[in-house]
Amino acid sequence: MNRLQGKTALITGAGSGIGRATAILFAAEGARVAVNDISDEGGHETVRLIQEAKGEATFYKANVTKWSEVKAMVSQVRDRYNGIDILHNNVGGWQRENKDTVVNDSEEEWDRLINLNLRGVFLVSKEVVPIMIERRGGSIINTITTNAYMNYIGSHAYGAAKGAVRELTRSMCLEYAKDNIRVNGLVPGETVTPQWTASIESTPDPEESKNFLLKKIPMGRFARPDDIALGALFLASDDSRYVNGHILFVDGGLTAGFYG
Ligand SMILES: NC(=O)c1ccc[n+]([C@@H]2O[C@H](COP(=O)([O-])OP(=O)(O)OC[C@H]3O[C@@H](n4cnc5c(N)ncnc54)[C@H](O)[C@@H]3O)[C@@H](O)[C@H]2O)c1
């Protein structure tokens with residue numbers, strides 16, 4: 001407990017899934033949490049859950065792909081909490097139609113996924129890093145995905161965007177290590193979240209889809225959002241004080257090799 005005492009954390013997409021679990025864990029570890037989401041309902045619910053457990057959190061509604069909204073959000077968080085020590089760039093999402101290939105993908109869907117997964121990380125980091133430099137340090141965690149390493153047919157835009165987030169992570173490590181800012185990546189495995197469940201439910205045979213995926217996971221179970229949050233906590237806290245430019249896999253062995 002109290003591994004983040006006195007720290008302020010901004011978590012994007014914290015109104016659901018992995019972002020919500022991370023917000024709850026960070027608050028339980030003593031952080032003041034700025035909960036960002038595009039959804040009012042999700043954001044307010046995360047804040048309610050944190051306050052119910054006597055933690056400190058505030059909701060900031062913003063679309064992380066819109067620079068004006070990002071600027072307003074980051075300056076409001078700075079004003080309220082007098083700085084930002086931890087940024088978890090968690091917002092992300094994948095394609096709605098699994099059978100798309102490059103040839104039949106639409107320009108709109110390509111742009112949507114590149115913006116959602118990559119542009120958002122760029123914009124929020126662009127606004128938060130100067131605050132961390134002023135504070136002489138910070139920790140940034142960028143959420144990647146196993147698709148950036150072992151992709152499926154149909155996930156080209158998601159895999160490409162997240163592969164770019166990996167390289168952005170490593171570049172930012174090089175740029176800001178001298179300012180005592182650590183920038184690391186987090187790779188969740190198959191994690192049961194609202195987005196993941198909706199995706200499985202949209203397949204012709206959800207049970208078969210789940211079994212197909214489960215067989216590929218050496219640990220034999222899907223991740224829970226709080227499994228991933230523990231990885232984020234390690235990267236956010238001083239437990240990882242000499243870890244920089246690293247990509248942490250919290251995937252139950254999914255990407256260790258061919259399995260099942
Ligand atoms: N669930 C998985 O199996 C899995 C696996 C690997 C990586 N990931 C990654 O983990 C992250 C979280 O995924 P999740 O499964 O928890 O998703 P989720 O959909 O359950 O939660 C994402 C949250 O982000 C919010 N959001 C969406 N667009 C936004 C925007 N433009 N601005 C602000 N908020 C926005 C949504 O409203 C939602 O509350 C994503 O980056 C995803 O790519 C998830």
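Of the protein chain's 260 residues, 43% count as buried (20 or more other C-beta atoms within 10 Å of a residue's own, with C-beta atoms placed from the backbone). Heads-up: this is a predicted model, where local features need pLDDT of at least 70, side-chain atom pairs count only at pLDDT 80 or more, and totals for chains, interfaces and linings use all residues. Numbering runs from 1 along each chain as its sequence is written.

**Exercise 1.** Work out how enclosed helix α1 is by the rest of the structure.

*Solution.* Start by finding the helix: α1 covers residues 17-28 (helices are DSSP runs of H or I, at least four residues, numbered from the N terminus). Next, check burial: the buried residues in α1 are Gly17, Ile18, Gly19, Arg20, Ala21, Thr22, Ala23, Ile24, Leu25, Phe26 and Ala27. That's 11 of its 12 residues, so α1 is largely enclosed. Finally, look just past the helix, where Gly30 takes a positive phi of about 100°.

**Exercise 2.** Find which residues touch the most other members of the largest nonpolar core, then follow Ala236.

*Solution.* The largest one has 63 residues, and Ala9, Ala23, Phe26, Val33, Val35, Val128 and Ala236 touch the most other members. Helix α4 (residues 107-134) gives the most to this core, with 10 residues. Now take Ala236: leaving out residues up to four places away in sequence, Ala236 touches Leu4, Ala9, Phe26, Ile86, Ser139 and Ile141 (contact means C-beta atoms, placed from the backbone, within 7 Å).

Definitions and conventions: Core = buried A, V, L, I, M, F, W, Y, C linked by C-beta atoms within 7 Å. Helix = DSSP H or I, 4+ residues; strand = E, 2+ residues; numbered from the N terminus. Contact = placed C-beta atoms within 7 Å. Expected span 1.5 Å × (residues − 1).
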